[in-house]
Amino acid sequence: MTSKRARAAGATLGGGLPPLVVDYSGERLAGVDEVGRGPLVGSVVAAAVILDPSRPIPGLGDSKTLSPTRREALDAEIRDRALAFAVAEASPAEVDELNIFHATHLAMRRAIDGLEPAAEYLLVDGNRLPGHHVPGQAVVKGDARHPAIAAASILAKVARDAQMLALDARHPDYGFARHKGYPTREHLAALERLGPLPEHRRSFGPVRRQLALF
(Lines give C-alpha, C1' and ligand atoms only; values in the text may rest on other atoms or scores of the structure.)
Protein backbone atom coordinates (compact mmCIF):
# COMPACT_ATOMS: atom_id res chain seq x y z
CA MET A 1 0.00 0.00 0.00
CA THR A 2 1.30 3.47 -0.88
CA SER A 3 2.13 5.51 2.20
CA LYS A 4 0.55 8.85 3.05
CA ARG A 5 4.00 10.37 2.64
CA ALA A 6 4.27 9.08 -0.90
CA ARG A 7 0.84 10.45 -1.74
CA ALA A 8 1.73 13.85 -0.35
CA ALA A 9 4.98 13.91 -2.32
CA GLY A 10 2.98 13.48 -5.49
CA ALA A 11 0.50 16.26 -4.96
CA THR A 12 -0.70 17.92 -8.14
CA LEU A 13 0.79 21.36 -8.80
CA GLY A 14 -2.16 22.73 -10.73
CA GLY A 15 -5.88 22.19 -10.78
CA GLY A 16 -7.74 19.93 -13.16
CA LEU A 17 -5.41 16.94 -12.96
CA PRO A 18 -5.82 13.86 -10.78
CA PRO A 19 -3.57 13.47 -7.72
CA LEU A 20 -0.37 11.60 -8.43
CA VAL A 21 0.34 8.54 -6.28
CA VAL A 22 4.08 7.87 -6.05
CA ASP A 23 5.25 4.37 -5.08
CA TYR A 24 8.27 5.68 -3.17
CA SER A 25 8.58 7.50 0.14
CA GLY A 26 12.28 8.35 0.42
CA GLU A 27 14.12 11.58 -0.35
CA ARG A 28 16.09 10.59 -3.46
CA LEU A 29 13.27 10.85 -5.96
CA ALA A 30 14.34 12.40 -9.26
CA GLY A 31 12.06 14.20 -11.64
CA VAL A 32 13.10 13.78 -15.28
CA ASP A 33 11.97 15.75 -18.34
CA GLU A 34 13.20 16.75 -21.77
CA VAL A 35 12.94 19.67 -24.18
CA GLY A 36 13.52 19.66 -27.91
CA ARG A 37 11.78 16.70 -29.50
CA GLY A 38 10.00 18.81 -32.12
CA PRO A 39 12.62 21.28 -33.39
CA LEU A 40 14.48 20.79 -36.65
CA VAL A 41 17.82 21.86 -35.23
CA GLY A 42 20.03 21.32 -32.21
CA SER A 43 20.23 18.77 -29.42
CA VAL A 44 17.42 17.24 -27.44
CA VAL A 45 18.10 18.27 -23.83
CA ALA A 46 17.06 16.39 -20.69
CA ALA A 47 17.35 17.21 -17.01
CA ALA A 48 17.00 15.24 -13.79
CA VAL A 49 16.40 16.90 -10.42
CA ILE A 50 16.25 15.63 -6.83
CA LEU A 51 14.59 18.36 -4.79
CA ASP A 52 15.48 18.99 -1.15
CA PRO A 53 12.28 18.68 0.94
CA SER A 54 13.79 20.99 3.53
CA ARG A 55 14.31 23.76 0.93
CA PRO A 56 11.07 24.03 -1.09
CA ILE A 57 10.98 26.20 -4.20
CA PRO A 58 7.71 28.14 -4.63
CA GLY A 59 6.35 28.66 -8.12
CA LEU A 60 7.53 25.48 -9.83
CA GLY A 61 5.39 24.53 -12.82
CA ASP A 62 5.40 23.44 -16.43
CA SER A 63 8.24 25.38 -18.06
CA LYS A 64 6.11 26.13 -21.13
CA THR A 65 3.67 28.17 -19.01
CA LEU A 66 6.36 30.38 -17.46
CA SER A 67 7.89 33.54 -18.88
CA PRO A 68 11.58 33.41 -19.85
CA THR A 69 12.43 35.72 -16.95
CA ARG A 70 10.58 33.51 -14.46
CA ARG A 71 12.16 30.33 -15.88
CA GLU A 72 15.64 31.77 -15.52
CA ALA A 73 14.98 32.87 -11.94
CA LEU A 74 13.65 29.40 -11.05
CA ASP A 75 16.59 27.77 -12.86
CA ALA A 76 18.96 29.61 -10.51
CA GLU A 77 16.89 28.62 -7.45
CA ILE A 78 16.78 24.96 -8.48
CA ARG A 79 20.54 24.87 -8.98
CA ASP A 80 21.03 26.46 -5.57
CA ARG A 81 18.50 24.47 -3.52
CA ALA A 82 18.19 21.02 -5.09
CA LEU A 83 19.88 18.01 -3.51
CA ALA A 84 21.13 17.09 -6.97
CA PHE A 85 20.59 18.06 -10.59
CA ALA A 86 22.07 17.20 -13.97
CA VAL A 87 21.48 18.40 -17.51
CA ALA A 88 22.45 16.26 -20.49
CA GLU A 89 21.73 16.01 -24.18
CA ALA A 90 21.76 13.92 -27.31
CA SER A 91 23.31 15.62 -30.31
CA PRO A 92 21.69 16.21 -33.71
CA ALA A 93 23.89 13.41 -35.08
CA GLU A 94 22.59 11.06 -32.39
CA VAL A 95 19.02 12.10 -33.18
CA ASP A 96 19.64 11.22 -36.82
CA GLU A 97 21.32 7.92 -35.97
CA LEU A 98 18.91 6.69 -33.28
CA ASN A 99 15.66 8.58 -34.11
CA ILE A 100 14.19 11.25 -31.83
CA PHE A 101 12.43 8.79 -29.50
CA HIS A 102 15.58 6.82 -28.67
CA ALA A 103 17.76 9.95 -28.60
CA THR A 104 15.39 11.52 -26.07
CA HIS A 105 15.72 8.50 -23.80
CA LEU A 106 19.50 8.54 -24.23
CA ALA A 107 19.59 12.17 -23.05
CA MET A 108 17.39 11.23 -20.08
CA ARG A 109 19.63 8.32 -19.09
CA ARG A 110 22.68 10.60 -19.26
CA ALA A 111 20.98 13.14 -17.00
CA ILE A 112 19.99 10.44 -14.49
CA ASP A 113 23.56 9.10 -14.51
CA GLY A 114 24.84 12.60 -13.76
CA LEU A 115 23.03 12.89 -10.43
CA GLU A 116 25.15 12.94 -7.26
CA PRO A 117 23.83 11.57 -4.99
CA ALA A 118 22.22 9.03 -7.25
CA ALA A 119 18.46 8.72 -7.56
CA GLU A 120 16.61 5.82 -5.97
CA TYR A 121 13.35 6.38 -7.85
CA LEU A 122 12.38 8.21 -11.05
CA LEU A 123 9.34 10.21 -12.08
CA VAL A 124 9.61 10.67 -15.84
CA ASP A 125 7.41 13.02 -17.81
CA GLY A 126 5.47 11.23 -20.53
CA ASN A 127 4.17 7.71 -21.01
CA ARG A 128 7.40 5.71 -21.24
CA LEU A 129 10.39 5.16 -18.97
CA PRO A 130 13.82 5.68 -20.59
CA GLY A 131 15.17 2.19 -19.91
CA HIS A 132 17.30 3.07 -16.91
CA HIS A 133 18.11 0.56 -14.15
CA VAL A 134 16.68 2.89 -11.45
CA PRO A 135 13.00 2.03 -10.90
CA GLY A 136 10.31 4.59 -11.46
CA GLN A 137 7.10 5.53 -13.16
CA ALA A 138 6.10 7.51 -16.22
CA VAL A 139 3.75 10.41 -15.55
CA VAL A 140 1.63 11.93 -18.31
CA LYS A 141 1.65 15.73 -17.97
CA GLY A 142 4.14 15.19 -15.17
CA ASP A 143 5.57 18.71 -15.31
CA ALA A 144 2.17 19.96 -14.12
CA ARG A 145 1.75 17.19 -11.53
CA HIS A 146 4.98 16.95 -9.54
CA PRO A 147 7.48 19.65 -8.53
CA ALA A 148 10.57 17.53 -9.27
CA ILE A 149 9.44 16.98 -12.86
CA ALA A 150 8.56 20.67 -13.16
CA ALA A 151 12.06 21.54 -11.94
CA ALA A 152 13.59 19.23 -14.55
CA SER A 153 11.48 20.78 -17.30
CA ILE A 154 12.70 24.25 -16.30
CA LEU A 155 16.40 23.29 -16.30
CA ALA A 156 16.07 21.56 -19.67
CA LYS A 157 14.14 24.45 -21.23
CA VAL A 158 16.56 27.12 -20.01
CA ALA A 159 19.55 25.09 -21.20
CA ARG A 160 18.14 24.43 -24.66
CA ASP A 161 16.95 28.00 -25.13
CA ALA A 162 20.48 29.18 -24.31
CA GLN A 163 21.80 26.88 -27.05
CA MET A 164 19.34 28.40 -29.52
CA LEU A 165 20.37 31.94 -28.55
CA ALA A 166 24.02 30.99 -29.13
CA LEU A 167 23.14 29.49 -32.51
CA ASP A 168 21.18 32.64 -33.37
CA ALA A 169 24.25 34.77 -32.60
CA ARG A 170 26.24 32.71 -35.14
CA HIS A 171 23.48 32.52 -37.75
CA PRO A 172 21.08 35.44 -37.21
CA ASP A 173 19.30 35.04 -40.55
CA TYR A 174 17.53 31.87 -39.39
CA GLY A 175 15.65 33.47 -36.47
CA PHE A 176 16.55 30.86 -33.86
CA ALA A 177 16.13 33.33 -30.99
CA ARG A 178 12.46 33.66 -31.91
CA HIS A 179 11.36 30.16 -32.90
CA LYS A 180 13.93 28.09 -30.95
CA GLY A 181 14.37 25.72 -33.87
CA TYR A 182 10.72 24.67 -34.24
CA PRO A 183 9.35 24.37 -37.80
CA THR A 184 7.66 27.76 -37.94
CA ARG A 185 6.94 29.54 -41.21
CA GLU A 186 9.96 31.77 -40.58
CA HIS A 187 12.27 28.81 -39.99
CA LEU A 188 11.04 26.89 -43.03
CA ALA A 189 11.47 29.98 -45.22
CA ALA A 190 15.05 30.43 -43.96
CA LEU A 191 15.79 26.76 -44.65
CA GLU A 192 14.51 27.15 -48.19
CA ARG A 193 16.46 30.36 -48.75
CA LEU A 194 19.75 29.53 -46.98
CA GLY A 195 19.87 25.74 -46.74
CA PRO A 196 20.49 23.57 -43.66
CA LEU A 197 23.27 24.17 -41.15
CA PRO A 198 25.45 21.42 -39.68
CA GLU A 199 23.30 21.67 -36.53
CA HIS A 200 20.11 20.77 -38.40
CA ARG A 201 18.65 17.28 -37.93
CA ARG A 202 19.10 15.64 -41.30
CA SER A 203 16.52 12.90 -40.65
CA PHE A 204 13.68 15.39 -40.18
CA GLY A 205 11.54 15.80 -43.29
CA PRO A 206 11.87 19.55 -43.99
CA VAL A 207 15.66 19.37 -43.56
CA ARG A 208 15.98 16.20 -45.61
CA ARG A 209 14.04 17.78 -48.46
CA GLN A 210 16.21 20.89 -48.48
CA LEU A 211 19.40 18.85 -48.40
CA ALA A 212 18.31 17.20 -51.63
CA LEU A 213 18.16 20.64 -53.25
CA PHE A 214 21.48 22.08 -52.05
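## Arg 178 and its partner

Arg 178 is exposed in this predicted model, with a relative accessibility of 58%. Its salt-bridge partner is Glu 186, and the closest N and O atoms of the two are 2.4 Å apart. Glu 186 counts as partly exposed, at 32% relative accessibility.

## Other salt bridges

Side chains of opposite charge can pair when their charged atoms come close. Across the whole structure, a search finds eleven salt bridges. One of them joins Arg 55 to Asp 80, with 3.3 Å between the closest N and O atoms. This pair links distant parts of the chain, 25 residues apart: Arg 55 is in the loop between E2 and helix H2 (68-81), and Asp 80 is in helix H2. Arg 55 counts as partly exposed, with a relative accessibility of 36%.

Another salt bridge is formed by Lys 64 and Asp 62, whose closest N and O atoms are 3.1 Å apart. How buried or exposed is Lys 64? Lys 64 is exposed, with a relative accessible area of 61%. Asp 62, in turn, is buried, and its relative accessible area is 13%.

## The sheet

Five strands make up an open sheet with mixed pairing, in the order E3-E2-E1-E4-E5. Which strands stand at the edges? They are strand E3 (84-90) and strand E5 (136-139); each has a single partner strand, so one side of each is left without a neighbour in the sheet. From one strand to the next, the twist averages 20°.

Helix H5 (residues 147-170) packs on this sheet. The helix touches E1, E2, E3, strand E4 (121-125) and E5, and its direction makes about 35° with that of E1.

## Strand E1 and its neighbours

Strand E1 (residues 29-35) runs antiparallel to strand E2 (residues 44-50), and six bridges join the two. In this pairing, Gly 31 has Val 49 of E2 as its bridge partner. E1 and E4, by contrast, run parallel and are joined by four bridges. Here the bridge partner of Val 32 is Val 124 in E4.

In a regular strand the side chains alternate between the two faces of the sheet. From E1, Leu 29, Gly 31, Asp 33 and Val 35 point one way, while Ala 30, Val 32 and Glu 34 point the other way. Residues on both sides are buried. Seven of the seven residues of E1 are buried, so the strand is largely enclosed by the rest of the structure.

## Aromatic pairs

A pair of aromatic rings is described by the distance of the centres and the angle of the planes. The count for this structure comes to two aromatic pairs. Tyr 24 and Tyr 121 form a stacked pair, with 5.5 Å from centre to centre and 0° between the planes. The two residues are 97 residues apart and link distant parts of the chain: Tyr 24 is in the loop between helix H1 (4-9) and E1, and Tyr 121 is in strand E4. Tyr 24 is buried, with a relative accessible area of 13%, and Tyr 121 is also buried, with a value of 9%.

Tyr 174 and Phe 176 form a stacked aromatic pair as well, with centres 5.4 Å apart and planes 5° apart. Tyr 174 and Phe 176 are both buried.

## Backbone features in the loops

The peptide bond from Glu 116 to Pro 117 is cis, and its omega is near 10°. Pro 117 is located in the loop between helix H4 (100-113) and E4.

Lys 141 is not a glycine, yet it has a positive phi of about 55°. This residue sits in the loop between E5 and H5. Lys 141 is exposed, and its relative accessible area is 54%.

Lys 180 also has a positive phi of about 55°, although it is not a glycine. Its place is the loop between helix H6 (176-179) and helix H7 (185-194). Is Lys 180 buried or exposed? Lys 180 is buried, with a relative accessible area of 17%.

Methods:
Residues are numbered from 1 along each chain as its sequence is written. This is a predicted model: local features need pLDDT of at least 70, side-chain atom pairs count only at pLDDT 80 or more; totals for chains, interfaces and linings use all residues. Side-chain values use heavy atoms; hydrogens and water are left out. Two strands pair if DSSP finds at least two bridges between them. Axes are lines fitted to C-alpha atoms, for helices over the stretch in contact, and angles run from 0 to 180 degrees between N-to-C directions. Contact means heavy atoms within 4.5 Å. Buried means under 20% relative accessible area, exposed over 50%, partly exposed in between (1.4 Å probe, protein chains only). A salt bridge is a side-chain nitrogen of Lys or Arg within 4 Å of a carboxyl oxygen of Asp or Glu. Rings of Phe, Tyr and Trp (its six-membered ring) pair if their centres lie within 6.5 Å; planes under 30 degrees apart count as stacked, over 60 as edge-to-face and the rest as tilted.
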